[in-house]
Amino acid sequence: LQEVSKSFVRLIKTNVPSSVGAAAVAAISGISSTSVSGGSLSQYYHTYAPSSMTNNNANSRDQNSVILLKRHRYGEVIDITDDVLKEIAEMKEHDKKVNIPIADGDLLVLSALDVNTGSKMMFASFHGDTNGLATIPVVNAVYQHAINKRPDHRLLFGMDANTYEFPDNDQQGMVAFAEWYVSKKLNSCNGKKPNVKNYTTFHARTYLQSQLNKAVALEDRATKGDKNPKDFIIFFNHDYNIMWTHRDNTGKGRYIDDMIFPTLNFPSDHAITSTLLIQESSHNPNKNHKNNHNNNNNNSKPIYFDIKGNYGVS
């Protein structure tokens with residue numbers, strides 16, 4: 001935990017302009033229950049975790065999605081995950097053929113008030129299944145809840161989408177995922193046409209482990225290893241303008257291409273994806289999004305958001 005905290009704090013100090021301050025929001029997915037509390041992150045954030053974990057009923061995989069909210073920035077925080085899970089259950093009930101591989105702890109959804117802007121916020125963190133087959137159904141459930149139940153909220157959704165540059169038939173492709181979210185008037189930190197070469201994972205098993213059938217030779221690491229663009233921060237297109245998006249696989253605010261990770265200094269198999277968003281001061285009504293956002297004060301405030309997939313998971 002201490003190494004995880006140190007890497008994240010180094011990122012905050014390295015990447016963030018002094019005018020912005022520490023990241024306002026961070027979504028961490030695939031984290032173990034023992035790694036959530038404590039550490040230097042508690043100086044900066046309140047930590048929110050799935051009820052299945054906080055009730056000492058951690059899922060068997062012990063991989064959980066959590067959300068960190070900057071201290072003194074957000075209030076009136078409510079866990080609304082169960083409401084969204086009901087949307088998913090209704091989807092399954094409506095179509096018996098729908099398979100949404102989601103486990104306890106994979107999804108966390110919060111409602112909160114941004115005390116700086118007066119905006120109502122809907123935050124979500126999601127850890128997708130290995131093949132990414134749950135990604136579109138889960139994002140769709142969150143989307144439906146946002147437009148139908150909380151039209152006065154602004155959505156920020158960080159996820160390990162487990163999307164692939166060259167998907168097999170049973171995997172979610174990154175291009176297809178982008179085409180889907182654009183069709184819903186959503187955008188991501190990677191834009192409407194994200195670059196498939198913006199990898200956020202690069203790892204491969206060596207022969208120094210027990211499952212030799214999964215081992216990859218050194219010369220095949222780029223083609224047979226997991227080198228894919230998997231991590232996204234999703235929001236409604238008209239809510240925010242993207243100022244910049246960074247990746248980091250060093251914990252020092254830098255991304256080194258063609259470097260396998262985790263490393264001894266970076267304890268994660270996903271890069272940190274960070275973005276600086278500027279909130280639109282006025283809302284343009286969208287006939288496909290029943291939205292009436294809280295913008296009475298017309299303040300445009302920057303939101304610095306991080307997503308970290310599988311932080312602290314070996």
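Which side chain does lysine 227 meet in a salt bridge? The side chain of lysine 227 meets that of aspartate 258, at 2.8 Å from N to O.

## Basis of the report

The model is predicted: local features need pLDDT of at least 70, side-chain atom pairs count only at pLDDT 80 or more, and totals for chains, interfaces and linings use all residues. Residues are numbered from 1 along each chain as its sequence is written, and side-chain values use heavy atoms, with hydrogens and water left out.

## Salt bridges

Side chains of opposite charge can pair when their charged atoms come close. A salt bridge is a side-chain nitrogen of Lys or Arg within 4 Å of a carboxyl oxygen of Asp or Glu, and the structure holds nine of them. Lysine 227 lies in strand S10 (residues 226-228) and aspartate 258 in the loop between S12 and strand S13 (272-279), so the pair ties together parts that are 31 residues apart in sequence. Strands (E, at least two residues) and helices (H or I, at least four) are DSSP runs, numbered from the N terminus.

Lysine 227 is buried, with a relative accessible area of 15%, whereas aspartate 258 is exposed at 55%. Buried means under 20% relative accessible area, exposed over 50%, and partly exposed in between (1.4 Å probe, protein chains only). Another salt bridge joins arginine 154 and aspartate 239 at 3.2 Å, N to O. Arginine 154 is buried at 1%, and aspartate 239 is buried at 0%.

## Helix H4

Helix H4 covers residues 135-148, and its 14 residues should span 20 Å at 1.5 Å a residue; the end C-alpha atoms are 20 Å apart, which agrees. The expected span is 1.5 Å times one less than the number of residues. H4 is mostly covered, with twelve of its 14 residues buried. Among them are Ile136, Val139 and Tyr143.

## The largest cavity

A cavity is a set of points on a 1 Å grid over the protein atoms alone where a 1.4 Å probe fits but cannot get out; lining residues have an atom within 4 Å of a point. Grid points are joined across faces, edges and corners, and a volume is the space filled by probe spheres set on the points. The largest cavity holds about 60 Å³ of space. Its lining includes Met174, Lys230, Phe232 and Arg247.

Lysine 230 also takes part in a salt bridge with aspartate 226, at 2.7 Å from N to O. Lysine 230 is buried, with a relative accessible area of 3%.

Conventions. On a 1 Å grid over the protein atoms alone, a cavity is a set of points where a 1.4 Å probe fits but cannot get out, and a pocket is an open set with protein on both sides within 12 Å along at least five of seven lines; lining residues have an atom within 4 Å of a point.
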